[in-house]
Amino acid sequence: MSNLSRQVSNSLNLSTSPNLSFHSPPTSFRQPPSFQSSASYSAGVAAIAKQLKPFDTKDVKVLLLENVNQAGVNILKEQGYQVEAIKSSLPEDQLIEKIRDVQVIGIRSKTKLTERVLQEAKNLIVIGCFCIGTNQVDLKYAASQGIAVFNSPFSNSRSVAELVIAEVIALARQLADRSMELHNGVWNKVSKGCWEVRGKTLGIVGYGHIGSQLSVLAEAMGMEVIYYDVVTLMGLGTAKQVHSLDDLLDQSDFVTLHVPETADTKNLIGKEQFEKMKNGSYLINNARGKVVDIPALIEAMRSGKIAGAAIDVFPNEPAGNGDYFNNELNNWTKDLQGLKNLILTPHIGGSTEEAQSAIGVEVSNALVKYVNEGSTLGAVNMPEVQLRNLTLDEPNGVRVVFIHKNVPGVLRQVNGVLLNHNIVKQSSDSRGDIAYLMADVSDVKEEEIRNLFQSLEELPSSLRTRMLY
Ligand SMILES: NC(=O)c1ccc[n+]([C@@H]2O[C@H](COP(=O)([O-])OP(=O)(O)OC[C@H]3O[C@@H](n4cnc5c(N)ncnc54)[C@H](O)[C@@H]3O)[C@@H](O)[C@H]2O)c1
Ligand SMILES: O=C(O)[C@H](O)COP(=O)(O)O
């Protein structure tokens with residue numbers, strides 16, 4: 001099968017562009033296996049894993065936006081993929097133009113992959129969010145089109161937690177104001193309204209990866225930690241869970257937000273919540289811009305109810321570095337910029353060398369595993385399915401990936417299509433309306449691949465079929 005030359009239409013999802021002629025992976029891609037299957041070992045045969053590639057890898061087009069870390073870019077380039085890396089996000093019309101052409105897109109928190117955009121992404125098989133948040137992608141619509149989405153669930157958590165620690169102390173000591181004053185030639189040595197953080201209460205809203213990491217760091221500084229989460233979770237150290245957001249607001253000197261952007265967290269902190277906070281307390285938002293009602297924050301700070309705030313995320317953020325942050329983006333920007341003891345940062349919570357290179361490696365590896373092998377381990381909108389490797393001693397083995405509607409009778413139909421072949425192994429799982437099936441089939445002749453593909457595509461439940469070999 002190594003000389004297989006195939007002329008296929010892109011609608012088959014085997015290829016990358018409608019008129020492309022392409023060949024099986026060159027032998028140079030058949031590199032030594034990174035691991036061998038346990039089954040092969042148990043049989044006493046050190047079988048070599050067959051490196052699956054769906055197409056000549058140089059035909060895989062990847063678009064990376066928002067300055068994805070070079071470590072991630074390199075992993076994709078090393079596969080031979082055609083990678084275009086752009087430092088900023090793109091306006092929607094340009095995004096649509098470019099996304100039509102690619103099989104893989106990598107984004108960070110800024111790029112919105114809405115249904116409207118994804119409808120145009122006819123070649124797209126997978127999205128990599130090189131960040132934690134996935135709220136910028138219409139996950140359900142992507143799944144309905146058989147497009148898998150991956151992210152990096154915790155590689156920047158520590159960076160965010162450390163930033164919050166810095167902000168807690170900076171707010172308590174009015175550091176940003178003092179520094180700004182001195183930059184402007186003003187000596188203003190004050191202690192009024194400046195505090196130690198030892199013994200103060202930190203209220204964490206959302207006790208997930210970031211919240212729990214922060215909890216440990218804050219306790220090490222002598223803070224009392226309480227947290228509120230919709231899920232009951234074990235507190236680390238002596239941190240205590242409180243029953244309601246109101247309880248947390250009532251007891252905290254510092255409130256810090258670490259929830260995802262969802263319908264439930266929109267304006268989670270608004271006028272009513274500011275009124276419930278302690279007089280002279282502080283708010284920190286490194287979560288998502290829409291979680292805080294900013295005009296209400298401006299009022300609460302002007303009245304002195306809130307003594308300081310640190311805001312890293314905004315409902316509308318500039319596309320890239322050097323772009324203006326002004327009232328055209330959010331109509332309250334100027335009012336915000338005029339407030340005292342307010343730290344404004346350009347969404348840098350996860351922006352450290354450590355976090356970005358770890359995320360680059362993690363997400364790019366997940367994309368490669370998905371493109372080349374069909375593995376959905378870590379996908380956020382698909383069931384997680386993986387199969388141990390096909391091996392080179394299984395001649396003419398083909399991996400079938402069949403993403404389909406989760407309806408009764410599909411397995412019977414798929415096995416009907418594969419009837420005349422030996423299914424060496426098969427795994428399938430479902431998540432909501434979507435199901436994902438992988439099967440390794442032996443002894444498939446070159447000329448049979450297209451027919452199998454077409455028969456699967458024609459099944460009424462089919463969302464996307466890929467044949468890897
Ligand atoms: N500023 C940045 O650069 C930056 C970096 C990383 C993450 N983030 C944001 O931080 C968010 C949290 O990250 P994480 O890794 O800790 O996520 P996580 O999923 O590990 O934890 C989120 C926690 O919030 C809880 N939660 C959800 N809805 C809630 C609600 N309505 N009230 C209370 N708790 C609720 C969840 O149960 C979960 O425990 C991300 O979704 C992302 O939007 C921002
Ligand atoms: O979701 C995240 O991980 C953070 O918001 C960081 O996003 P960024 O990669 O766009 O900085």
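F325 is partly exposed, with a relative accessible area of 25%; the class lies between buried (under 20%) and exposed (over 50%), for a 1.4 Å probe and protein chains only. The model is predicted: local features need pLDDT of at least 70, side-chain atom pairs count only at pLDDT 80 or more, and totals for chains, interfaces and linings use all residues. Residues are numbered from 1 along each chain as its sequence is written, chains are lettered from A and ligands numbered from 1 in written order, and side-chain values use heavy atoms, without hydrogens and water.

A pair of aromatic rings is described by the distance of the centres and the angle of the planes. Rings of Phe, Tyr and Trp (its six-membered ring) pair if their centres lie within 6.5 Å; planes under 30 degrees apart are stacked, over 60 edge-to-face, and the rest tilted. The whole structure holds 5 aromatic pairs. In one of them, the ring centres of F314 and F325 are 4.8 Å apart and the planes meet at 65°, so the pair is edge-to-face. F314 and F325 are 11 residues apart, both in the loop between β13 (306-311) and α12 (333-337). F314 is buried, at 7% relative accessibility. Elsewhere, ring pairs join F150, Y370 and Y436 into a cluster.

Ligand 2 is surrounded by R108, S109, F130, C131, I132, G133, N156, R288 and H347, where a residue is near if one of its heavy atoms lies within 4 Å. This shell has 3 nonpolar, 4 polar and 2 charged residues. Ala, Val, Leu, Ile, Met, Phe, Trp, Tyr, Cys and Pro count as nonpolar, Asp, Glu, Lys and Arg as charged, and the others, Gly among them, as polar. Oxygen atoms of ligand 2 lie 2.7 Å from a backbone N or O atom of G133, 2.9 Å from a polar side-chain atom of N156 and 2.7 Å from a side-chain N or O atom of R288. Taken alone, ligand 2 exposes 310 Å², and the protein buries 91% of that. The areas come from the Shrake-Rupley method with a 1.4 Å probe.

The domain assignment gives domain 1 (61-150), domain 2 (157-344) and domain 3 (384-468). The C-alpha centres of domain 2 and domain 3 lie 50 Å apart.

Q119 is found in helix α4 (residues 115-119); helices are DSSP runs (H or I) of at least four residues, strands (E) of at least two. Q119 is partly exposed, at 36% relative accessibility.

Notes
A polar contact is a pair of N or O atoms within 3.5 Å; within protein, one must be able to donate a hydrogen and the other to accept it, and residues adjacent in sequence count only if both atoms are side-chain atoms. Domain bounds come from an automatic or database domain assignment.
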